[in-house]
Amino acid sequence: MSPFPRATEAALSAAELNARIRELWADGELPDDRRPEYEALVVEWAAAALEDVERAA
């Protein structure tokens, strides 16, 4: 199974991606084994946030 859950899911909103990012940091620290997932989520969040801005413009 891929550490990047979005590979098979429909596109998530920036808010949904932000919630997933916050869950990874729930204990105040990012576990080393979750760093690849975190990095992928941040990239996806940035793209989703940009889409939100473009739609609003």
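**Basis**

The model is predicted: local features need pLDDT of at least 70, side-chain atom pairs count only at pLDDT 80 or more, and totals for chains, interfaces and linings use all residues. Residues are numbered from 1 along each chain as its sequence is written, and side-chain values use heavy atoms, with hydrogens and water left out.

**Overall make-up**

The protein chain has 2 helices and 0 strands. Both element types are DSSP runs, numbered from the N terminus: helices are H or I with at least four residues, strands are E with at least two. The chain counts 57 residues, and 21% of them are buried. Buried means under 20% relative accessible area, exposed means over 50%, and partly exposed lies in between, with a 1.4 Å probe and protein chains only. Contacts (heavy atoms within 4.5 Å) also reach along the sequence. Of those with a separation of 6 or more, 51% are between residues 24 or more positions apart.

**The nonpolar core**

Eight residues form the largest nonpolar core: L12, A14, L17, I21, L24, L30, L41 and A48. Such a core is a set of buried Ala, Val, Leu, Ile, Met, Phe, Trp, Tyr and Cys residues joined through side-chain atoms within 4.5 Å. Helices α1 (14-24) and α2 (35-56) each supply at least two of the core residues. The most comes from α1, which gives 4 residues.

What does L24 touch beyond its neighbours within four places in sequence? Its contacts there are E29, L30, P31, R34, E37, Y38 and L41.

In α1, the buried residues are A14, L17, I21 and L24. Viewed down the axis of α1, they fall within an arc of 75°, so they line one face of the helix. The arc is taken over the directions from the helix axis to the C-beta atoms. The face turned away from this buried side carries the exposed residues A15, R22 and E23. R22 has 60% relative accessibility, so R22 counts as exposed.

**Side-chain pairings**

The whole structure holds 1 salt bridge. A salt bridge is a side-chain nitrogen of Lys or Arg within 4 Å of a carboxyl oxygen of Asp or Glu. E37 and R34 make this link through their side chains, at 2.7 Å from N to O. E37 lies in helix α2.

There is also 1 aromatic pair in the structure. The ring centres of W25 and Y38 are 5.8 Å apart and the planes stand at 75°, so the pair is edge-to-face. The pair links distant parts of the chain: W25 sits in the loop between α1 and α2, Y38 in helix α2, 13 residues away. Rings of Phe, Tyr and Trp (its six-membered ring) pair if their centres lie within 6.5 Å; planes under 30 degrees apart count as stacked, over 60 as edge-to-face and the rest as tilted.

**Accessibility of selected residues**

| Residue | Relative accessible area | Class |
|---|---|---|
| E37 | 15% | buried |
| R34 | 34% | partly exposed |
| W25 | 34% | partly exposed |
| A49 | 21% | partly exposed |

**A link across the chain**

Where is A49 placed? A49 belongs to helix α2. The C-alpha atoms of A49 and S13 are separated by 7.8 Å. Along the chain, A49 and S13 are 36 residues apart.
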